[in-house]
Amino acid sequence: MTLPQGQLARGLAWITLAILCWAPMFPTAKRALAVVDAFALSSIRYVLGGAIFIALVAAIEGRRALRFDDRLVPAIILGLVGITGFNTFVWGGLTFARPEHAAIIMAIQTPLTALLVWVLRGQRPANFTLACIALAIAGVLIVVTRGDPLGAIASLGKGDELFGDILVFCGALCWVAYTMGSGTFPGWSSLRFTALTIVPGGIGLVAVNAIALAAGVAVMPSAAAVGSIAPQILYFAVGTVVLGVLAFNSSVHHLGPLNVMLMLNIIPVSVFGIEAVLGREFEGIELVGAAVVIGALVANNLYLRERREKGVRPH
């Protein structure tokens, strides 16, 4: 189905904004984590971002939209899984993992969603999609193990990059569950849903931070440390939490999820480019693995879009 020119232009503008907001996130976070730990940075990011979202909901939809009504428990569960779980795992993982590895792992959320739908709802993906999923997962394994899975497993537990990659993968699973759960809130706008799940999720992040401090795992950052990365914190709160999420949801509304997910494959490529500019040297096997992942995801998205446009249900 051909999109109207105005709708296409608006959708492309929104997805471009989302990509611009999210592409620098992993490289920026990796360097900010050297100053403020993952627990504190996640808490600050979502306390600020959540406050902005609440203000937006009140201004756009009215204070009535800030009520949970009869959906308090589901909102709390999704907030704890999607916001608390995602950020605790991903930002904690970035302490060890390379930014480009994290971006590649996060790129396979779409095939992970397809597999979860198959397990929970019995909706088996098409054979072509299953083949692309297998290729994408193989590519991720090539990237994170640098083509040496046995050596990577042997080094596990020594605080190396593979440990961080596993944490990021757990975070990706949390976001998949959050995304699937968003469909159980009919009648709520994407703005309201995001705000009212960020509230319990942000509280969860503050609680995790407090527990980590009490256990001696985390360190309370000084005012000077926080101030030294104030621009990065502003970017995380406004750029990635507020503008990024709103731009993504708006692009889905105009272009549809298949087109949007296809374009989001630009992000891991962008992260590799950013890291290269910053002086990162990649092993050839990492680039091969990244190409396998991106190629598999692009092929599957093009396949699904073609079948959708023809009105044929993939088998």
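**View 1. Helix α6 and the residue that follows.** Helix α6 covers residues 109-121, and its 13 residues at 1.5 Å each should span 18 Å, which agrees with the 17 Å between its end C-alpha atoms. (The expected span is 1.5 Å times one less than the number of residues; helices are DSSP runs of H or I, at least four residues, numbered from the N terminus.) This is a predicted model, where local features need pLDDT of at least 70, side-chain atom pairs count only at pLDDT 80 or more, and totals for chains, interfaces and linings use all residues. Residues are numbered from 1 along each chain as its sequence is written, and side-chain values use heavy atoms, with hydrogens and water left out. Look inside α6 for Gln109, Pro111, Leu112 and Val117, which are buried (under 20% relative accessible area, 1.4 Å probe, protein chains only). Just past α6 sits Gly122, with a positive phi of about 75°.

**View 2. Where α5 packs on α7.** Helix α5 (residues 99-107) and helix α7 (residues 127-145) pack at about 165°, their axes 10 Å apart (axes are lines fitted to C-alpha atoms over the stretch in contact, and angles run from 0 to 180 degrees between N-to-C directions). That makes the two helices, α5 and α7, roughly antiparallel (angles over 145 degrees). His101, Ile104 and Ile105 of α5 touch Val140, Val143 and Val144 of α7 (heavy atoms within 4.5 Å).

**View 3. Where α3 packs on α4.** Here helix α3 (residues 38-60) and helix α4 (residues 72-94) pack at about 135°, with axes 9 Å apart. On the α3 side are Ala38, Leu41, Ser42, Arg45 and Tyr46, meeting Ile83, Asn87, Trp91 and Gly92 of α4.

Key:
Buried < 20%, exposed > 50% of the residue type's maximum accessible area, 1.4 Å probe, protein only. Parallel < 35°, antiparallel > 145°, perpendicular 65-115°, else oblique.
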